[in-house]
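Good morning, and thank you for coming.

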Amino acid sequence: MSYNVTQKLIKDHLVEGEMKPGSEIGLNIDQTLTQDATGTMVMLELEAMGIDRAKTEASAQYVDHNLIQEDSKNPDDHLFLESAAKKFGLYYSRPGNGVSHPVHMQRLARPGKTLLGSDSHTCANGCMGMLAIGAGGIDVAMAIAGEPFHVKMPKVWGVKVTGELPDWVSAKDVILEMLRRHGVKGGVNHVFEYYGPGLEKLSAMDRHVIANMGAELGATGTVFPSDEETKNYMTQEGRGDEWIELKADDGAEYDRHDEINLSELEPLIAKPSSPGNVVPVSEVEGEPIYQSYIGSSANPGYRDFAIASQIVEGRHIAEGISLDLNPTSRQMLIDMSKNGHIANFLQAGARLHQAGCNGCIGMGQAPATGRNSLRTTPRNFPGRSGTKEDSVFLCSPETAAVSALFGKITDPRNAGFDYPKVEMPDQPTVDTQLLERPVSEDESKNYELVKGPNIASIPEMDELPNDMELPVLLKMGNDISTDEILAGGARVLPYRSNLPEISKFTFEIVDETYYDRAMEARDDGGHAVVGGTNYGQGSSREHAALAPRFLGMKVAIVQDFARIHWQNLANFGVLPLTFVNESDWDEISQGDTLVFSGLRDKIREGNELEVEVKGKDKKIKVEHALSERQIEIMETGGLINWVKDRLEK
């Protein structure tokens with residue numbers, strides 16, 4: 001039988017289930033990735049489950065999100081994460097080393113391996129011939145403990161790549177074209193696999209750019225073959241001996257098909273406030289801007305910065321413009337410094353920030369109210385930038401740099417000068433200290449977790465009741481993101497290790513009264529929420545499930561869920577249900593009370609059940625997509641309780 005690359009990766013790691021699209025499978029996980037916005041909770045979960053040491057081939061803890069030290073909360077948590085890395089046998093990347101995804105690609109990514117990360121953009125490392133998947137933190141904690149990762153078997157969407165990128169068009173425009181075609185939920189339950197002769201013209205880091213924003217398509221992952229370009233990249237990083245070839249068999253088939261001719265692409269841009277709101281740059285040309293931002297995991301490569309540097313070299317940005325430069329790794333920053341690119345930026349009037357996620361997650365560089373911000377970041381959800389009424393456009397480094405020179409959105413083809421040609425370093429810097437290696441098992445026994453005053457252990461979670469009457473505290477529309485459920489940014493994320501405190505920010509972008517109303521309902525049995533399509537899109541942060549759960553959310557009924565958030569809700573004992581008839585969304589109002597009778601029995605008997613709307617003589621048909629394993633987890637009150645029960649038997 002002929003297999004594509006995705007099927008080969010799944011087949012080689014399959015430990016439970018069958019490779020039948022839609023059925024639950026269990027995968028052995030070789031590597032894990034955690035970052036500081038999500039890793040603190042993962043380490044607390046490992047502690048709660050009584051885990052001694054990582055069972056994976058390589059697990060890495062990065063500090064790249066919460067870098068601002070306006071008080072002791074972030075540095076205290078960094079010490080906690082460093083101590084946890086030593087205690088549990090993890091690699092550790094200290095603040096300033098860079099963004100997790102490109103650093104992992106530089107130092108640990110290996111073709112043929114699986115990678116599970118508590119960050120939705122973990123899929124970026126699919127550029128290396130890996131099956132790289134973003135998940136909730138507790139799924140990653142389970143993988144670190146040696147347990148399989150359970151996911152629905154995805155379909156594989158083959159994308160044939162032909163042609164060659166024209167001047168002023170780059171890899172960011174490739175993924176924006178995919179978003180223009182398919183939208184932010186087009187890839188749900190799919191892995192996108194790129195193949196074809198056009199890949200010869202895409203570098204490993206170009207592929208990273210495309211794979212990274214597969215998350216914005218709602219995909220389970222993105223996969224590229226491991227070929228000569230992968231080998232060249234790994235050789236430059238001093239790891240050529242770890243390379244293996246991995247490509248689709250002759251005659252391999254795909255569940256769906258698409259084709260991109262690189263030669264036909266033009267500069268594209270995603271308008272506020274969705275990565276799927278894509279149009280040609282020429283359509284919005286002339287819009288004034290306040291900020292132009294280059295960096296993030298969505299454009300992390302040397303080329304992405306060097307091309308922008310050469311565009312602004314010998315020129316100056318327009319008056320009143322903030323050109324923000326966010327390097328993505330210490331290693332890459334050294335090479336930019338050696339080759340004069342940092343000087344070019346500074347002489348042009350740019351602002352240099354430390355290597356990290358920074359403004360992408362709302363950790364600094366927030367734009368002014370009512371002003372447009374151009375960003376090479378992967379997301380522009382409402383308020384994600386740190387400014388509540390933001391107006392963020394997503395674009396390529398070429399568009400961002402040229403627009404900064406003119407002070408308005410500008411099609412880079414209208415720059416008025418020739419397209420610069422980037423010279424890649426002959427011998428890129430290789431910094432093996434970006435990741436501190438795990439200590440030995442004997443040494444790890446000498447380490448204790450260092451908990452600052454802001455760290456609170458995870459509260460006990462109660463079991464799923466059989467009978468409930470739940471008020472609907474919120475009724476929401478489509479595409480509610482995890483940033484809207486629980487915001488990121490410098491104001492919120494320092495409380496990531498303190499669930500009672502971070503829960504105070506829950507749903508504040510949607511309804512500022514939610515927290516107080518949820519606290520009132522919590523002692524009376526909890527509450528439910530209702531939403532539209534693609535509920536929970538965006539970040540993998542499990543706080544968006546944990547915080548509502550802490551506030552008493554028992555059930556979420558929506559038209560459909562984003563994959564990771566659905567799994568996070570199930571993992572923490574919040575019952576995720578969808579309308580059998582999507583039009584029934586209209587039948588429920590905020591303030592209604594939903595009656596659930598014999599719930600535990602009904603979810604075991606079948607996938608469909610009825611919910612009564614109290615006082616309206618109305619019953620709504622809903623369904624769940626839980627496996628038998630997930631039903632057990634739901635009944636016990638969540639995955640932590642389920643694991644503890646298993647360990648005690």
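Let me begin with the second largest pocket, which has 23 residues in its lining; K152, N189, F561, W566 and A625 are the ones that lie nearest its centre. Please bear in mind throughout that this is a predicted model. The volume of this second largest pocket is about 510 Å³. Three elements, β8 (149-152), α19 and β23 (575-579), each contribute at least two residues to its lining. Sorted by class, that lining comprises eight nonpolar, nine polar and six charged residues.

I turn now to helix α19, which spans residues 563-571. How many of its residues are buried? The count is nine of nine, and the helix is accordingly described as mostly covered. After α19 comes G573, with a positive phi near 80 degrees.

Which element gives the most to the lining of the largest cavity? That element is α19, with three residues. In total 21 residues line this cavity, and A215, G218, G538, A562 and I564 lie nearest its centre. Its lining has eight nonpolar, ten polar and three charged residues.

The second largest cavity contains about 190 Å³ of space. It is lined by 20 residues, with H65, D119, H121, I361 and R384 nearest its centre. Seven of the lining residues are nonpolar, nine are polar and four are charged.

The largest pocket, for its part, has a volume of about 870 Å³. Of the 38 residues that line it, S203, D206, R303, V422 and M424 lie nearest its centre. The elements giving two or more residues to this lining are α4 (100-107), α7 (204-212), α8 (228-236), α10 (302-312) and α11 (330-338). By class, the lining has 18 nonpolar, ten polar and ten charged residues.

Finally, the arginine. R53 sits in the loop between α2 (36-49) and β4 (58-62). R53 is buried but has no salt bridge, and E441, the nearest side chain of opposite charge, is 4.5 Å away.

Note on methods
Residues numbered from 1 in each chain as written. Predicted model: local features only at pLDDT ≥ 70, side-chain atom pairs only at ≥ 80, totals over all residues. Heavy atoms only, no water. Buried < 20%, exposed > 50% of the residue type's maximum accessible area, 1.4 Å probe, protein only. Helix = DSSP H or I, 4+ residues; strand = E, 2+ residues; numbered from the N terminus. 1 Å grid on protein atoms, 1.4 Å probe; cavity = no way out; pocket = protein on both sides within 12 Å on 5 of 7 lines; lining within 4 Å. Nonpolar A, V, L, I, M, F, W, Y, C, P; charged D, E, K, R; others polar. Points joined across faces, edges and corners; volume = space filled by probe spheres on them. Lys, Arg positive; Asp, Glu negative; His and termini not counted. Salt bridge = Lys/Arg side-chain N within 4 Å of Asp/Glu carboxyl O.
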